[in-house]
Amino acid sequence: MRTTTRDGLALRAASSADTPALADLLSASYRDEPRMAALLPLEAQRETKLRALFSLLLNQDHLDHGTEIAELDGHSHAVAVWDRPGSQAAPLGRRLVRLPALLSVFRWRLPGTARAIQSFNATDSHRPDEPHWHLAAIGTTPDARGRGLGSALLESGLARADAHDTPVYLEATAHASVDRFERFGFRVIHEYPVAGGLTVYGMWRPVAR
C-alpha cells in the first residue's frame, strides 16, 4: 500500500525485503544518537556496527512490525519502526535469542555486549503493561532532514493507533526529542538510566478522541 502525500513524498508499508536498506538508513540516521554513541563509542566503527545491529533487531524483533517507509521521488529517506500491540517478548527470551548475534556485532567483546543487553532489557522492563503501539525507532537520512518526513511518518502511525483505539509509547534520549514528541501529544511518564550515564524518557500518548 502506498499513500502519496505532498511534494513527491509517499508513505508505504515495509516488507522483509526492505531490511538491508532500512538497516543502512537507520545506521546513518542514528550515528550521532546519544544512546547509540554510548553503546558504540568508537566513531570510526559506529555506522558499520549500527548497520549490523539494526539488521539483527529488524530480523529478530520486528518481522511483523507495521513499519512504514517515507520515499521522496521513489527513494527511501525515512522510516518508522513499530511494534504492534501485544508484540512485546519476555525480556529473558529476548536476551537469550540475541546473545550469539550480539556477541558477533561486538566482535565477541563481553563488555560491549553486556551494555547492549542492559540497554535492551531496561527498555523491555519499562514498557507499560497496557496494550500499546511502540515506536521502536524513527530516523531520516541526513540529506533529507527538515523536509517533514519524520513528522509525516509519525502522524501516519498515530492515526493508525487512534483508528485501533490504542495508545502509543516511545523512548527519547534527548530533551530536544522530548520537546518534539510533546508537540504530538506525548508526555513523559517515567525516566530511567542506561549505560553511558544517559537518561531515557519513556513517553506515552493516549488515544486522541
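1. E3 and E4 pair in the antiparallel sense, over five bridges. Strands count as paired if DSSP finds at least two bridges between them. Helices (H or I, at least four residues) and strands (E, at least two) are DSSP runs, numbered from the N terminus. Within this pairing, Glu68 stands opposite Ala80 of E4. The hairpin of E3 and E4 has two residues between the strands, and Asp73 there takes a positive phi near 50 degrees.

2. A word on the basis. This is a predicted model, in which local features need pLDDT of at least 70 and side-chain atom pairs count only at pLDDT 80 or more, while totals for chains, interfaces and linings use all residues. Residues are numbered from 1 along each chain as its sequence is written, and side-chain values use heavy atoms, with hydrogens and water left out.

3. E3 also has strand E2 (residues 9-13) as a partner: five bridges join the two, and they run antiparallel. Arg12 has Ile69 as its bridge partner in E3.

4. How many of the five residues of strand E3 (residues 68-72) are buried? Five of the five are, so E3 is largely enclosed by the rest of the structure. Buried means under 20% relative accessible area, exposed over 50%, and partly exposed in between (1.4 Å probe, protein chains only). In a regular strand the side chains alternate between the two faces of the sheet. Glu68, Ala70 and Leu72 point one way from E3, and Ile69 and Glu71 point the other way.

5. Now the charged pairs. A salt bridge is a side-chain nitrogen of Lys or Arg within 4 Å of a carboxyl oxygen of Asp or Glu. By this rule there are seven. One of them joins the side chains of Asp24 and Arg51, at 2.6 Å from N to O. This pair links distant parts of the chain, with Asp24 in helix H1 (residues 19-29) and Arg51 in helix H3 (residues 43-61), 27 residues apart. Asp24 is partly exposed at 38%. Arg51 is partly exposed at 29%.

6. Glu47 and Arg31 form a salt bridge, with the closest N and O atoms 2.8 Å apart. Glu47 lies in helix H3 and Arg31 in the loop between H1 and helix H2 (34-39), so the pair ties together parts 16 residues apart in sequence. Glu47 is partly exposed at 23%, and Arg31 is partly exposed at 29%.

7. Are Arg127 and Asp83 buried or exposed? Arg127 is buried, at 6%. Asp83 is buried, also at 6%. Their side chains meet in a salt bridge of 3.5 Å, N to O. Arg127 sits in the loop between helix H5 (110-126) and strand E5 (133-140), and Asp83 in strand E4 (residues 75-83), so the pair ties together parts 44 residues apart in sequence. Elsewhere, salt bridges that share partners join Arg12, Asp18 and Glu71 into one network.

8. The whole structure holds four aromatic pairs. Rings of Phe, Tyr and Trp (its six-membered ring) pair if their centres lie within 6.5 Å; planes under 30 degrees apart count as stacked, over 60 as edge-to-face and the rest as tilted. Trp82 and Trp133 have ring centres 6.3 Å apart and planes at 85 degrees, so this pair is edge-to-face. Trp82 in strand E4 and Trp133 in strand E5 are 51 residues apart. Trp82 is buried at 0%, and Trp133 is buried at 2%.
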